[in-house]
Amino acid sequence: MFAPRLPRIGTYAAWRDAARGLALAGVAPSAVDWGLTGETRSMFDAPLPAGEGQLLVPKAFLDLTRSLIPERSGRGMALAYALLHRLQGDPSLLGNRADADVARAHEIAKSIRRDIHKMHAFVRFREIAVEGDRRAFSAWFEPDHRIEEETAGFFADRFGDMDWQIVTPEVVIAHVAGQLSLEAVPSVRPDGDDALEELWTTYYSNIFNPARLKPAAMRAEMPRKYWRNLPETRAIPSLIAGARGRVSAMQAAGPSLPAPQSLRRKVPTMPEHPLPDAAPPGDLATLRHLASDCTRCPLYGPATQVVFGEGPADARLVIVGEQPGDREDIEGRPFVGPAGQLFDRIAAEAGLDRSTAYVTNAVKHFKFVQRGKRRIHQRPNTSEVSACRWWLDREVTTVDPDLVVAMGATAMGALTGKATGLLKRRGGIETTADGRPVLITVHPSYLLRLPDPQLRERETELFRDDLVRVRSFLEDPASLRP
């Protein structure tokens, strides 16, 4: 009997090494008792075999096991090893979703992904006392599974300019002076509040809309187990108790009348189809000048400037992203930030020269929220994309390319009318409303956000393959039919 005991931090890497040796030695899953350091060992525990040789597994197995190892009961580790053992005799096993082990693995993986999503959504920081003038923040969270290592990178990216810690019952994730660390430390939920919690509760109480109250949906998205971590949930019982009365009062009051025209603040807006003849085909300079004064949606207010497309007016290829980022908003040029630099590198590897393409975005203003000194990107909503579609359509019509590349769901929706199912549609050729071919792929920023190096490498290869298809299409349009 083998009883590998894995460390609480670095669990996946330790499981991978132990599983490799066991599988190479031909050890059956029933002969392995997986667990963490400190857990009781079997009295028949034998030294783990080193194993020699190579194991062949599909890439999908690596992604799946990363979502199995954090499963709290330990069954995820055992199931992952059982799949590894079976894959040596049946390489196509993971393609059989009817198989009991495969189905159970995907069920656990789904549960892990949902737990990660809940941690992303329901962590709330409170300010804590530190020495000197520095500010630091702390949060408490109780995950269902051991997902601290899987989520740490997300919080480091999102709150990279803060010193903070996230404490769970088993692990402390710390980010101090830009350095991320994890330590296995048993902890209990701290007591006490701070001013931020009181402010957040006040804000939540004021935006609470009783007319939209749907308790079942609310509990599904915010289960009661997370309420103790969220300051705003303290107000929920009283808000719900008074909801019926507030709705009745709203109904009795009836619709409020608009203010007299003379008292309304005049906000300049563009007509629904502005200046349809002012930017004739082939005149991108005029179109760019007109767009510089665009006020079709509220994004023009906080943004620095319109970031219009750039590139040859007769380009055979138009590349469309989502929206400008922080760097683009400052410089006034598209794709000059980290995502643009990554795109340039991968495009060059695929044999594409960006300078020969016309590059633009579905939305021309930078949408963000301010956090300290940082401006954090926010995804544009449907109305903002719709408001900007007139400019995008004019750009594409004016350039008149042989092929358009939609990078990301926002660009895909703006060009094809459907923004869902990106990963299922990626690599395919679809068409715009006027029949122009569009190749679907991911946005480079998606690659930058992936915390897992192996997954990032795989997705980067797929992105490179998509750009190779673009080059093939330009060389021979008949090679890729819509």
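**Helix packing**

Modeller: I will start with a helix pair. The axes of helix H13 (residues 382-399) and helix H14 (residues 409-416) cross at roughly 65 degrees and come within 10 Å. Bear in mind that this is a predicted model.

Colleague: How are H13 and H14 oriented to each other?

Modeller: Their axes cross at roughly 65 degrees. Angles of 65 to 115 degrees fall in one class. H13 and H14 are therefore roughly perpendicular.

Colleague: Which residues in H14 do Val385, Arg389 and Leu392 in H13 meet?

Modeller: The crossing of H13 and H14 is right-handed. On the H13 side, the residues are Val385, Arg389 and Leu392. In H14 they meet Thr410, Gly413, Ala414 and Leu415.

Colleague: Is H1 parallel or oblique to H3?

Modeller: Helix H1 (residues 11-24) packs on helix H3 (residues 75-87) at an angle of about 40 degrees, with the axes 11 Å apart. Roughly parallel would need an angle under 35 degrees. That makes H1 oblique to H3.

Colleague: Which residues of H3 make the contact with H1?

Modeller: H1 passes H3 in a right-handed crossing. H1 contributes Thr11, Trp15, Ala19, Leu22 and Ala23. From H3 come Met77, Ala80, Tyr81 and Leu84.

Colleague: What is the hand of the crossing where H2 passes H3?

Modeller: Phe61, Leu64 and Thr65 of H2 make the contact with Ala80, Leu83, Leu84 and Leu87 of H3. Ala80 and Leu84 are also among the H3 residues in the contact with H1. The crossing of H2 and H3 is left-handed.

Colleague: In the open sheet of five strands, which strands stand at the edges?

Modeller: The order is S3-S4-S5-S6-S7, with mixed pairing. An edge strand here has a single partner strand, so one side of it is left without a neighbour in the sheet. The two are S3 (126-128) and S7 (179-184).

Colleague: What does the twist average from one strand to the next in that sheet?

Modeller: The sheet is open and holds five strands. From strand to strand, its twist averages 25 degrees.

Colleague: Which residue in S5 is the bridge partner of Ser138?

Modeller: Strand S4 (residues 136-140) and strand S5 (residues 163-167) run parallel, joined by five bridges. In S5, the partner of Ser138 is Gln165.

Colleague: Which strands does helix H5 lie across?

Modeller: H5 covers residues 148-158. The helix runs at about 155 degrees to one of these strands, S7. The strands are S5, S6 and S7.

Colleague: How many residues of strand S12 are buried?

Modeller: Take the faces in turn. Leu403, Val405 and Met407 on one side are buried, and so are Val404 and Ala406 on the other. For S12 (residues 403-407), the count is five of five.

Colleague: How far apart in space are Ile173 and Glu183, C-alpha to C-alpha?

Modeller: In sequence, Ile173 and Glu183 are ten residues apart. In space, the C-alpha to C-alpha separation is 6.7 Å.

Colleague: Which side chain does a polar contact of 2.5 Å join to that of Asp329?

Modeller: Asp329 lies in helix H11 (residues 326-331). Asp329 counts as buried, because its relative accessibility is 0%. Beyond four places in sequence, the residues Asp329 touches include Ala303, Thr304, Phe366 and Arg375. The polar contact is with the side chain of Thr304.

Conventions. Residues are numbered from 1 along each chain as its sequence is written. This is a predicted model: local features need pLDDT of at least 70, side-chain atom pairs count only at pLDDT 80 or more; totals for chains, interfaces and linings use all residues. Side-chain values use heavy atoms; hydrogens and water are left out. Helices (H or I, at least four residues) and strands (E, at least two) are DSSP runs, numbered from the N terminus. Buried means under 20% relative accessible area, exposed over 50%, partly exposed in between (1.4 Å probe, protein chains only). A polar contact is a pair of N or O atoms within 3.5 Å; within protein, one must be able to donate a hydrogen and the other to accept it, and residues adjacent in sequence count only if both atoms are side-chain atoms. Contact means heavy atoms within 4.5 Å. Axes are lines fitted to C-alpha atoms, for helices over the stretch in contact, and angles run from 0 to 180 degrees between N-to-C directions. Angles under 35 degrees count as roughly parallel, over 145 as roughly antiparallel, 65 to 115 as roughly perpendicular and the rest as oblique. A crossing is left-handed if the near helix is turned anticlockwise from the far one by less than a right angle, and right-handed if clockwise. Two strands pair if DSSP finds at least two bridges between them.
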